Amino acid sequence: MRIATWNINSITARLPRLLEWLSSAQPDVVCLQELKVAPEAYPEEALRELGYESVVNAGGRWNGVAVLSKVGVEDPVVGLPGAPEYEGAVEPRAAAATCGGVRVWSVYVPNGREVGHAHYAYKLEWLAALKETAAKSAPGALPFAILGDYNIAPTDQDVWDISLFDGATHVTPAERAALTALEDAGLAEVHPRALKYDVPFTYWDYRQLGFPKNKGMRIDLVFGNAAFGSAVKDSYVDREARKGKGASDHAPVVVDLEV
DNA sequence: ATGACCTTCAAGGAAGGA
(Lines give C-alpha, C1' and ligand atoms only; values in the text may rest on other atoms or scores of the structure.)
Protein backbone atom coordinates (compact mmCIF):
# COMPACT_ATOMS: atom_id res chain seq x y z
CA MET A 1 0.00 0.00 0.00
CA ARG A 2 1.23 3.47 -0.87
CA ILE A 3 0.30 6.38 1.42
CA ALA A 4 1.27 10.00 0.77
CA THR A 5 0.90 13.38 2.43
CA TRP A 6 0.99 16.65 0.50
CA ASN A 7 0.31 20.28 1.34
CA ILE A 8 -1.08 21.35 -2.02
CA ASN A 9 -1.68 25.08 -1.29
CA SER A 10 -5.17 25.25 -2.83
CA ILE A 11 -6.84 22.19 -4.31
CA THR A 12 -8.59 24.45 -6.82
CA ALA A 13 -5.39 25.98 -8.21
CA ARG A 14 -3.55 22.65 -7.96
CA LEU A 15 -6.22 20.30 -9.34
CA PRO A 16 -4.57 19.61 -12.73
CA ARG A 17 -1.24 18.87 -11.07
CA LEU A 18 -2.87 16.85 -8.31
CA LEU A 19 -4.74 14.64 -10.78
CA GLU A 20 -1.59 14.19 -12.84
CA TRP A 21 0.41 13.23 -9.76
CA LEU A 22 -2.24 10.78 -8.55
CA SER A 23 -2.23 9.11 -11.95
CA SER A 24 1.55 8.76 -12.06
CA ALA A 25 2.41 8.03 -8.41
CA GLN A 26 -0.62 5.79 -7.89
CA PRO A 27 -1.00 6.25 -4.13
CA ASP A 28 -3.76 4.27 -2.42
CA VAL A 29 -4.26 6.85 0.31
CA VAL A 30 -3.42 10.57 0.25
CA CYS A 31 -3.52 13.09 3.08
CA LEU A 32 -3.94 16.62 1.71
CA GLN A 33 -3.49 19.93 3.51
CA GLU A 34 -4.25 23.56 2.71
CA LEU A 35 -7.23 22.82 0.50
CA LYS A 36 -8.23 26.52 0.66
CA VAL A 37 -11.65 25.63 -0.69
CA ALA A 38 -15.28 25.97 0.35
CA PRO A 39 -16.89 22.58 1.07
CA GLU A 40 -19.28 22.95 -1.87
CA ALA A 41 -16.39 23.65 -4.25
CA TYR A 42 -14.35 20.56 -3.28
CA PRO A 43 -13.63 18.61 -6.51
CA GLU A 44 -15.14 15.36 -5.28
CA GLU A 45 -16.21 14.10 -8.70
CA ALA A 46 -12.84 14.61 -10.38
CA LEU A 47 -11.19 12.60 -7.60
CA ARG A 48 -13.89 9.93 -7.69
CA GLU A 49 -13.19 9.44 -11.40
CA LEU A 50 -9.67 8.40 -10.42
CA GLY A 51 -11.10 6.01 -7.86
CA TYR A 52 -10.70 8.08 -4.70
CA GLU A 53 -13.25 8.53 -1.97
CA SER A 54 -12.77 11.65 0.14
CA VAL A 55 -13.10 12.59 3.78
CA VAL A 56 -13.08 16.38 3.70
CA ASN A 57 -12.71 19.00 6.40
CA ALA A 58 -12.88 22.29 4.52
CA GLY A 59 -13.82 25.74 5.68
CA GLY A 60 -13.34 28.08 2.77
CA ARG A 61 -10.49 30.45 2.26
CA TRP A 62 -7.95 29.11 4.76
CA ASN A 63 -6.67 25.72 5.92
CA GLY A 64 -8.66 22.63 4.98
CA VAL A 65 -7.58 18.97 4.92
CA ALA A 66 -8.72 15.74 3.32
CA VAL A 67 -8.06 12.01 3.28
CA LEU A 68 -8.36 10.40 -0.16
CA SER A 69 -8.62 6.64 -0.40
CA LYS A 70 -8.85 4.04 -3.14
CA VAL A 71 -9.06 1.25 -0.58
CA GLY A 72 -12.17 2.23 1.31
CA VAL A 73 -13.10 4.71 4.01
CA GLU A 74 -14.21 3.51 7.42
CA ASP A 75 -14.87 5.40 10.63
CA PRO A 76 -14.30 8.87 9.19
CA VAL A 77 -13.69 11.66 11.68
CA VAL A 78 -13.77 15.34 10.75
CA GLY A 79 -11.86 17.58 13.14
CA LEU A 80 -9.40 16.89 15.94
CA PRO A 81 -11.02 15.95 19.27
CA GLY A 82 -10.34 18.62 21.87
CA ALA A 83 -8.80 21.02 19.36
CA PRO A 84 -8.52 24.58 20.67
CA GLU A 85 -10.26 27.50 19.00
CA TYR A 86 -8.43 30.38 17.36
CA GLU A 87 -10.20 33.74 17.57
CA GLY A 88 -13.41 32.02 18.52
CA ALA A 89 -13.49 29.36 15.81
CA VAL A 90 -12.37 25.75 15.38
CA GLU A 91 -10.41 25.63 12.15
CA PRO A 92 -10.46 22.75 9.63
CA ARG A 93 -7.08 21.21 10.34
CA ALA A 94 -7.66 17.48 10.81
CA ALA A 95 -9.51 14.54 9.28
CA ALA A 96 -9.17 10.81 9.78
CA ALA A 97 -10.28 7.53 8.24
CA THR A 98 -9.40 3.87 8.29
CA CYS A 99 -8.34 2.94 4.77
CA GLY A 100 -7.52 -0.62 3.82
CA GLY A 101 -6.81 -1.54 7.41
CA VAL A 102 -4.66 1.50 8.20
CA ARG A 103 -5.86 4.36 10.41
CA VAL A 104 -4.63 7.67 9.03
CA TRP A 105 -4.93 11.27 10.17
CA SER A 106 -4.31 14.19 7.81
CA VAL A 107 -3.24 17.20 9.87
CA TYR A 108 -2.35 20.81 9.18
CA VAL A 109 -0.68 22.07 12.34
CA PRO A 110 -1.04 25.83 12.93
CA ASN A 111 1.89 27.89 11.67
CA GLY A 112 2.54 29.85 14.85
CA ARG A 113 3.57 33.02 12.98
CA GLU A 114 5.97 34.42 15.61
CA VAL A 115 7.19 33.22 18.98
CA GLY A 116 5.02 34.99 21.54
CA HIS A 117 2.13 35.52 19.10
CA ALA A 118 -1.27 34.15 20.10
CA HIS A 119 -1.00 31.86 17.10
CA TYR A 120 2.15 30.32 18.57
CA ALA A 121 0.37 29.47 21.83
CA TYR A 122 -2.47 28.09 19.73
CA LYS A 123 0.00 25.92 17.82
CA LEU A 124 1.30 24.37 21.03
CA GLU A 125 -2.23 23.82 22.38
CA TRP A 126 -3.23 22.21 19.11
CA LEU A 127 -0.23 19.87 19.28
CA ALA A 128 -1.17 18.94 22.86
CA ALA A 129 -4.61 17.89 21.63
CA LEU A 130 -2.96 15.90 18.84
CA LYS A 131 -0.90 14.02 21.42
CA GLU A 132 -4.10 12.97 23.21
CA THR A 133 -5.46 11.46 20.01
CA ALA A 134 -2.12 9.75 19.37
CA ALA A 135 -2.02 8.27 22.87
CA LYS A 136 -5.47 6.74 22.42
CA SER A 137 -4.72 5.00 19.11
CA ALA A 138 -1.02 4.22 19.26
CA PRO A 139 -1.16 1.11 21.50
CA GLY A 140 -3.48 -0.88 19.25
CA ALA A 141 -2.60 -3.55 16.71
CA LEU A 142 -4.13 -1.47 13.94
CA PRO A 143 -1.49 0.36 11.90
CA PHE A 144 -1.96 4.03 12.79
CA ALA A 145 -0.23 7.17 11.50
CA ILE A 146 -0.53 10.92 11.65
CA LEU A 147 0.63 12.46 8.39
CA GLY A 148 0.73 16.10 7.44
CA ASP A 149 2.23 19.54 7.56
CA TYR A 150 3.51 19.78 11.14
CA ASN A 151 5.12 23.19 10.62
CA ILE A 152 8.04 21.96 12.73
CA ALA A 153 11.56 21.07 11.60
CA PRO A 154 12.56 18.15 13.86
CA THR A 155 16.29 18.97 13.94
CA ASP A 156 18.60 21.82 13.00
CA GLN A 157 19.60 19.85 9.91
CA ASP A 158 16.01 20.00 8.68
CA VAL A 159 16.34 23.62 7.57
CA TRP A 160 18.78 24.86 4.95
CA ASP A 161 20.57 27.24 7.33
CA ILE A 162 19.79 27.12 11.04
CA SER A 163 21.59 30.41 11.64
CA LEU A 164 18.77 32.18 9.85
CA PHE A 165 16.18 30.76 12.26
CA ASP A 166 17.38 32.38 15.47
CA GLY A 167 14.23 33.21 17.43
CA ALA A 168 11.96 31.93 14.66
CA THR A 169 9.09 29.51 14.86
CA HIS A 170 9.34 25.93 13.47
CA VAL A 171 12.60 25.21 15.30
CA THR A 172 11.93 26.14 18.95
CA PRO A 173 12.45 23.65 21.78
CA ALA A 174 8.76 23.89 22.72
CA GLU A 175 7.67 22.91 19.21
CA ARG A 176 10.17 20.07 19.05
CA ALA A 177 9.05 18.92 22.50
CA ALA A 178 5.60 18.44 21.00
CA LEU A 179 7.13 15.95 18.56
CA THR A 180 8.87 14.18 21.44
CA ALA A 181 5.48 14.01 23.16
CA LEU A 182 4.13 12.10 20.16
CA GLU A 183 6.99 9.65 20.62
CA ASP A 184 6.12 9.35 24.31
CA ALA A 185 2.58 8.51 23.18
CA GLY A 186 3.93 5.55 21.22
CA LEU A 187 4.64 6.96 17.78
CA ALA A 188 7.89 7.12 15.85
CA GLU A 189 8.85 9.17 12.85
CA VAL A 190 9.12 7.49 9.47
CA HIS A 191 12.25 9.01 7.93
CA PRO A 192 12.02 9.52 4.17
CA ARG A 193 14.98 9.25 1.88
CA ALA A 194 15.97 12.14 -0.31
CA LEU A 195 15.87 11.75 -4.07
CA LYS A 196 18.58 14.42 -4.33
CA TYR A 197 20.83 16.22 -1.81
CA ASP A 198 21.35 15.02 1.74
CA VAL A 199 18.23 16.22 3.48
CA PRO A 200 14.78 15.37 2.11
CA PHE A 201 13.26 18.84 2.41
CA THR A 202 9.52 19.05 1.82
CA TYR A 203 9.01 22.81 1.57
CA TRP A 204 10.77 25.57 -0.36
CA ASP A 205 9.60 29.20 -0.34
CA TYR A 206 8.31 30.46 -3.67
CA ARG A 207 10.50 33.56 -3.31
CA GLN A 208 14.16 34.17 -4.13
CA LEU A 209 14.82 30.95 -6.01
CA GLY A 210 14.21 28.89 -2.90
CA PHE A 211 13.77 25.64 -4.78
CA PRO A 212 16.60 25.91 -7.33
CA LYS A 213 18.96 26.90 -4.51
CA ASN A 214 17.53 24.12 -2.32
CA LYS A 215 16.77 26.51 0.53
CA GLY A 216 14.21 24.16 2.00
CA MET A 217 12.71 22.87 5.20
CA ARG A 218 11.58 19.41 6.26
CA ILE A 219 8.27 20.10 7.97
CA ASP A 220 5.88 17.59 6.37
CA LEU A 221 6.20 14.53 8.58
CA VAL A 222 4.86 11.04 9.18
CA PHE A 223 4.53 9.62 12.68
CA GLY A 224 3.28 6.05 13.03
CA ASN A 225 2.71 3.49 15.75
CA ALA A 226 4.68 0.24 16.02
CA ALA A 227 2.35 -1.68 13.70
CA PHE A 228 2.68 1.05 11.09
CA GLY A 229 6.44 1.37 11.47
CA SER A 230 7.06 -2.34 11.06
CA ALA A 231 5.06 -2.34 7.83
CA VAL A 232 7.10 0.45 6.22
CA LYS A 233 9.18 -0.72 3.26
CA ASP A 234 10.27 2.63 1.84
CA SER A 235 9.67 6.36 2.14
CA TYR A 236 10.80 9.31 0.05
CA VAL A 237 10.03 12.92 -0.78
CA ASP A 238 8.91 13.38 -4.37
CA ARG A 239 10.73 16.63 -5.08
CA GLU A 240 9.92 16.27 -8.78
CA ALA A 241 6.41 17.46 -7.90
CA ARG A 242 7.87 20.80 -6.71
CA LYS A 243 9.27 21.59 -10.17
CA GLY A 244 7.86 23.78 -12.86
CA LYS A 245 5.03 26.21 -13.23
CA GLY A 246 1.98 25.89 -11.03
CA ALA A 247 3.64 23.77 -8.34
CA SER A 248 2.71 23.82 -4.67
CA ASP A 249 5.47 25.14 -2.42
CA HIS A 250 5.47 21.71 -0.70
CA ALA A 251 6.43 18.32 -2.14
CA PRO A 252 4.62 15.07 -1.33
CA VAL A 253 6.03 12.59 1.17
CA VAL A 254 5.40 9.01 0.07
CA VAL A 255 5.38 5.93 2.32
CA ASP A 256 5.23 2.39 0.95
CA LEU A 257 3.82 -0.24 3.31
CA GLU A 258 3.53 -3.97 3.22
CA VAL A 259 0.12 -4.61 4.74
C1' DA B 1 17.98 22.55 -15.41
C1' DT B 2 14.34 23.48 -10.82
C1' DG B 3 14.53 30.16 -12.18
C1' DA B 4 13.82 35.34 -8.92
C1' DC B 5 6.00 34.65 -4.52
C1' DC B 6 1.32 32.56 -4.56
C1' DT B 7 -3.69 32.10 -3.38
C1' DT B 8 -8.21 33.70 -1.98
C1' DC B 9 -11.81 37.03 -1.93
C1' DA B 10 -13.33 40.41 -4.52
C1' DA B 11 -12.53 44.69 -7.03
C1' DG B 12 -7.67 46.90 -4.54
C1' DG B 13 -5.39 45.34 -1.51
C1' DA B 14 -5.23 42.55 2.69
C1' DA B 15 -4.11 38.39 4.86
C1' DG B 16 -1.65 34.27 5.47
C1' DG B 17 2.03 31.38 4.53
C1' DA B 18 7.06 29.80 7.15
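Author: Happy to! One term before we start: Ala, Val, Leu, Ile, Met, Phe, Trp, Tyr, Cys and Pro count as nonpolar, Asp, Glu, Lys and Arg as charged, and the others, Gly among them, as polar. Please keep in mind that this is a predicted model.

Reader: Thanks! How do the residues of the lining of the largest pocket divide by those classes?

Author: The lining has 12 nonpolar, 10 polar and 10 charged residues.

Reader: And which residues lie nearest the centre of that pocket?

Author: Those are Asn-111, Asn-151, His-170, Tyr-203 and Asp-205, out of 32 residues that line the largest pocket.

Reader: How much space lies in there?

Author: About 780 Å³ for the largest pocket. Among its lining residues, at least two come from β10 (203-204) and at least two from β11 (216-217).

Reader: Nice. Switching to the whole chain, how many helices and strands does chain A have?

Author: Five helices and 14 strands.

Reader: Why does the radius of gyration of chain A agree with a compact globule?

Author: Because a compact globule of 259 residues would come out near 18 Å, and chain A has 17 Å. Along the principal axes, its C-alpha atoms fill a box of roughly 45 × 40 × 40 Å.

Reader: What share of the residues is buried?

Author: In chain A, 55% of the 259 residues are buried.

Reader: Last one: what percentage of the contacts between residues at least 6 apart in sequence join residues at least 24 apart?

Author: For chain A, 71% of them do.

Notes: Residues numbered from 1 in each chain as written. Chains lettered and ligands numbered in written order. Predicted model: local features only at pLDDT ≥ 70, side-chain atom pairs only at ≥ 80, totals over all residues. Heavy atoms only, no water. 1 Å grid on protein atoms, 1.4 Å probe; cavity = no way out; pocket = protein on both sides within 12 Å on 5 of 7 lines; lining within 4 Å. Points joined across faces, edges and corners; volume = space filled by probe spheres on them. Helix = DSSP H or I, 4+ residues; strand = E, 2+ residues; numbered from the N terminus. Rg over C-alpha atoms; globule rule 2.2 N^0.38 Å. Buried < 20%, exposed > 50% of the residue type's maximum accessible area, 1.4 Å probe, protein only. Contact = heavy atoms within 4.5 Å.
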